[in-house]
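Biologist: I'd like to talk through the pockets in this protein. Can you bring up the sequence and the model?

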Amino acid sequence: MTPRRQWLATAVLTGVLPVLATAVLAGLTLGADWGWAVAALGWLFVILVQLRELSNLAAWLDAPDSREPANVRGFCSELVRRLGRRLRDDSRKLAQAEAGLHSFREAMDAVPDGLVIIDTQHRIQWSNRAAAVHLGICLPRDGGAIIEQLVRAPGFAEYLGNPDVNAPFVVQSPAVRTRYYAVRVVSLGEHSQLLVSLDISDARRVESMRSTFVANVSHELRTPLTVVSGFLEHFADDDTMTAEQRQHFTRLMSDQTTRMLSLVDDLLTLSRLESEDAPASEEEVEMDDLLAQLLAEAHSLSEGRHRLELICDGQALQGNRKELHSAFGNLVSNAIRYTPAGGDIRIEWRIREGLGAFCVRDSGVGIPAEHLPRLTERFYRVDRGRSRDSGGTGLGLAIVKHILLRHQATLVVESQVGKGSSFRAEFPGWRLKAVG
Ligand code: ADP
């Protein structure tokens, strides 16, 4: 039986038939008038009861939160049951749709790119969380606002009017001025557009570092090359030059060539250190042996101009000997180059509070405090002239920093202008090895 017929049958069985049967019985036993009267009263009663049930139903429909169908009896109960089922189905579907929408919103908020949907009048329809950081657009606050009034970068309005698919528009972060975002426009049919913003700050920083680096290297090479080429011209044009003058110029050219070679060597070392995460091999480095070698090199560099001292605790250090030699050698060579004749230099290897500390102390020129945080940047020099005169490439401490990083060590610099400096490399305890 179809639900419709079933409902009709119920209505007839519960509403029509009982009254009809009672009326017929009354008519047969008490007379036709009684029969009609019983029928009229019976159906009036049925109608009143159903009206009350319908008012229950209306009350239940008015209370959207109520989950259970109203307590309705009679032939309306079937209607209520079906209505209840339909409502339950609808609310389950609605809950599913809401959950889907919620996870979609969460997914969109987790996307690192900024997403903004605008309509044909450029009014903001929707945006994700990243758009707040990238473009300063926050919902619900900015819903319906014209996007050009919020993103005030010069040229943005023109770009939106005629977006170029191949060239994104670059905007600066409204909150952090060092961050930049590339904005692309994607059409979403006739009525809306999607703006996608991508964080390009790191790429821009790398690009700017690359061009600064190229400019620095070119500048560093240009100076000695200019000197050498000047001398060569001199050689070619001047026949009257004495053997002594020739020797003098040749020595100057040789100095410049050595400077260029040191620069290229340091650049190659730095590039190798940057391209590999860890040293190719590690061994137990006998520190007394390494420090003795450093002291001998320091003597030859100082040529007797400084008092040199060595303190060694004796424990071995796990690491790459060649790299450690290069890092420690740079610190020792700096101490000698930045300490005037007659000064003191002490090279130490000690175990302090479970850490291995290699330290070079000098009584040299010292470094003003404001320069300390930038010392390990490539080509950063406190005193450009002094560095060049002493044969510095400006890359020594950058190399030290990289080597220490590869050995999980940190560099601690303390200095006082006119009194001297101390450069201390601290190695983690697990790198220390008892000498067997
Ligand atoms: P450079 O080749 O110029 O010495 P480094 O990277 O080794 O380059 O050092 C960077 C700068 O740090 C130097 O130019 C110098 O100004 C300063 N510096 C490094 N070591 C010392 C030191 N022991 N005493 C004073 N200044 C130092």
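Biologist: Which residues lie nearest the centre of the largest pocket?

Modeller: First, a caveat: this is a predicted model, where local features need pLDDT of at least 70, side-chain atom pairs count only at pLDDT 80 or more, and totals for chains, interfaces and linings use all residues. Residues are numbered from 1 along each chain as its sequence is written, and side-chain values use heavy atoms, with hydrogens and water left out. A pocket here is an open set of points on a 1 Å grid over the protein atoms alone, where a 1.4 Å probe fits, with protein on both sides within 12 Å along at least five of seven lines, and lining residues have an atom within 4 Å of a point. The largest pocket has 45 of those, and nearest its centre are N330, S333, N334, R337 and G396.

Biologist: Which helix gives the most to that lining?

Modeller: Helices are DSSP runs (H or I, at least four residues), and strands are too (E, at least two), numbered from the N terminus. Elements that each supply at least two lining residues include α8 (243-275), α10 (321-337) and β12 (420-427). The top contributor, with 11 residues, is α10.

Biologist: How many residues of α10 are buried?

Modeller: Buried means under 20% relative accessible area, with a 1.4 Å probe and protein chains only. N330, S333 and N334 are among the buried ones. Overall α10 is mostly covered, the buried count being 12 of its 17 residues.

Biologist: Which domains does the largest pocket lie between?

Modeller: The bounds come from an automatic or database domain assignment, which divides the protein into domain 1 (3-105), domain 2 (111-199), domain 3 (203-275) and domain 4 (283-431). Two of these give residues to the lining, so the largest pocket lies between domain 3 and domain 4.

Biologist: And where does the second largest pocket lie?

Modeller: That one holds about 320 Å³ of space, a volume being the space filled by probe spheres set on grid points joined across faces, edges and corners. It is lined by 16 residues, with M209, N216, E377, R378 and F379 closest to its centre. Both domains give residues to this lining as well, so the second largest pocket lies between domain 3 and domain 4.

Biologist: How many charged residues are in the lining of the second largest pocket?

Modeller: Asp, Glu, Lys and Arg count as charged, Ala, Val, Leu, Ile, Met, Phe, Trp, Tyr, Cys and Pro as nonpolar, and the others, Gly among them, as polar. On that basis the lining has 5 nonpolar and 4 polar residues, and the charged ones number 7.

Definitions and conventions. Buried means under 20% relative accessible area, exposed over 50%, partly exposed in between (1.4 Å probe, protein chains only).
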